[in-house]
Amino acid sequence: MKEFDVVVIGGGPAGYVAAIRSAQLGLSTAIVDEYIGKGGKPALGGTCLNAGCIPSKALLDSSEHYHRIQHKYASHGIKTAKVTLDIPAMIKRKDEIVTSLTKGVAGLMKKNKVTWLQGHGHLELGMKVVVTPQKGKPETVQAKNIIIATGSVPRTLPNVEVDQDRIVDSTGALEFQEVPKKLGVIGAGVIGLELGSVWNRLGAEVVVLEAMDDFLAMTDAQIAKEALKEFRKQGLDIHMGTRVNSAEADKKGVLLKYEDAKGQYEQRVDKLIIAVGRKPHTEGLNATEVDLYIDESGYIHVDEFCTTNIPNIYAIGDVVRGPMLAHKGSEEGMMVAERIAGQQSEVNHDTIPWVIYTWPEIAWVGKTESDLKQAGREFKSGTFPMRASGRALAMDETTGLVKVIADAKTDEILGVHIFGAAASEMIAEAVVAMEYQASAEDLASIVHAHPTMSEAVHEAALNVSGRALHI
Ligand code: FAD
Ligand code: AMP
């Protein structure tokens with residue numbers, strides 16, 4: 001029987017990073033992954049590389065180019081002839097990016113001498129992992145440490161069958177071969193808004209049905225309000241407080257039945273995306289049989305260092321508590337590998353940045369004003385609108401704002417919230433500031449290049465003490 005210092009189950013951004021870091025630290029490492037990529041070939045990279053972060057960003061960029069040509073170029077004095085779409089070419093480009101990256105991860109495994117055991121892994125008592133490959137016989141390996149990084153899968157709705165043709169989940173929504181005339185999206189969360197925006201920009205009429213009354217309840221309330229207004233202006237027909245009761249596919253499309261406080265409705269759409277969130281994936285892991293504790297929400301129970309109830313078994317990424325974000329899983333992967341190697345690493349879960357990839361983007365780190373109100377903590381905040389930024393004006397990207405929230409007495413930054421073009425990049429500065437427990441005054445004293453979008457962060461920080469210069 002082969003023996004390894006570390007066996008990682010799951011080859012997504014949590015698992016493959018844990019494997020690389022373990023190998024870098026001199027631990028003999030294997031990674032078990034069962035994902036079968038689009039061409040029927042095994043592929044590392046998990047949801048993120050194969051059917052999440054990366055392919056969605058590829059389509060996002062394509063759709064943004066299309067939108068800009070149609071709606072933004074004329075004001076720049078650039079005239080275009082008739083613009084046409086080639087969706088199969090767009091999808092092919094997306095697939096090539098995915099293949100290049102998943103092959104890249106396989107290359108990284110080789111470079112770091114990590115053994116890739118292709119197949120489904122399950123736990124057996126005595127720190128054993130049984131790997132059942134796509135083809136061939138199962139193999140049992142012995143591990144000194146096991147890191148579970150089995151990720152998450154899309155949530156489904158009762159009585160709604162995902163056929164990946166008319167009714168799709170996020171994976172199917174990355175594969176449409178033509179723009180649906182009318183597209184339904186259930187769930188106005190991170191994924192529903194991102195994918196709904198892509199197909200809206202490419203010309204679909206998009207209706208979004210969301211059960212909650214509050215739009216993007218986890219974000220800053222002022223930003224959520226502006227964002228809802230902006231997305232509706234862009235053409236997303238967003239209905240809040242709306243519960244979908246059934247969705248039935250037929251040859252022509254999908255019949256949706258839903259209700260809100262005012263009544264019951266029916267609507268036909270050509271395609272329907274189910275985007276009602278994701279759930280931790282522990283199926284087939286044999287967790288119960290080895291007494292691995294899974295909490296009532298289905299997550300593998302871990303402490304702050306990602307240790308489970310079983311000594312030397314760890315769990316990281318989407319399969320454990322916390323935001324389902326690739327970078328959160330990767331950081332946990334590095335921490336666990338380093339702790340196995342005897343280092344004192346930790347992850348600061350309070351400074352994990354969030355990004356919603358709509359256009360403009362929404363990004364934030366730390367607390368919202370409503371979090372702080374609920375906790376009874378006194379704070380002050382400073383905002384700066386993008387329309388007052390010279391660079392935003394030059395880029396014709398004036399929608400949105402930056403908000404910096406600081407402790408009322410100590411001035412320590414407690415949260416930074418951005419709605420605007422390039423928010424996903426601008427938030428990095430706020431993460432660094434918060435990681436070093438900077439005050440709003442510290443951020444206000446840092447020189448920002450002119451003209452840049454990040455000057456808006458500087459101005460919002462200045463405005464925490466009422467000193468913004470350009471409003
Ligand atoms: P996963 O990436 O889900 O990987 C788990 C891997 O383990 C998979 O390959 C799976 O096949 C394998 N596996 C599971 N069980 C077993 C088993 N028993 N044996 C062998 N292998 C197994 N996050 C961001 O941070 N930024 C984004 O922009 C972003 N965009 C997204 C867009 C979409 C459309 C979706 C769906 C998700 C997006 N996410 C994004 C979320 C991100 O994809 C996840 O947070 C991330 O992939 C989680 O990483 P992970 O390693 O924990 O799990
Ligand atoms: P996220 O977890 O960010 O991907 O968001 C998923 C969204 O789907 C949440 O805002 C949920 O409120 C929403 N949702 C869940 N079930 C339903 C339903 N039956 N009808 C409409 N929206 C739903």
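The model is predicted, so to speak of local features takes pLDDT of at least 70 and side-chain atom pairs count only at pLDDT 80 or more, while totals for chains, interfaces and linings use all residues. Residues are numbered from 1 along each chain, ligands from 1 in the order in which they are written, and side-chain values use heavy atoms, with hydrogens and water left out.

**Ligand 2.** Fifteen is the size of the shell, and of these 15 residues G187, V190, E210, A211 and M212 come nearest (near: a heavy atom within 4 Å). The shell splits into nine nonpolar, four polar and two charged residues (Ala, Val, Leu, Ile, Met, Phe, Trp, Tyr, Cys and Pro are nonpolar, Asp, Glu, Lys and Arg charged, the others, Gly among them, polar).

| Protein atom | Atom of ligand 2 | Distance |
|---|---|---|
| V190, backbone N or O | oxygen | 3.2 Å |
| E210, polar side-chain atom | oxygen | 2.6 Å |
| A211, backbone N or O | nitrogen | 3.0 Å |

On its own, ligand 2 exposes 510 Å², and the protein buries 76% of that (Shrake-Rupley, 1.4 Å probe).

**Domains 2 and 3.** Domain 2 covers 167–276 and domain 3 covers 351–463, with bounds from an automatic or database domain assignment. Their C-alpha centres sit 29 Å apart. Together they bury about 1500 Å², 68% of it on carbon and sulfur atoms (accessible area lost on being put together, 1.4 Å probe, summed over both). One salt bridge crosses this interface (Lys or Arg side-chain nitrogen within 4 Å of an Asp or Glu carboxyl oxygen).

Notes
A polar contact is a pair of N or O atoms within 3.5 Å; within protein, one must be able to donate a hydrogen and the other to accept it, and residues adjacent in sequence count only if both atoms are side-chain atoms. Buried area is the accessible area (1.4 Å probe) that two parts lose on being put together, summed over both.
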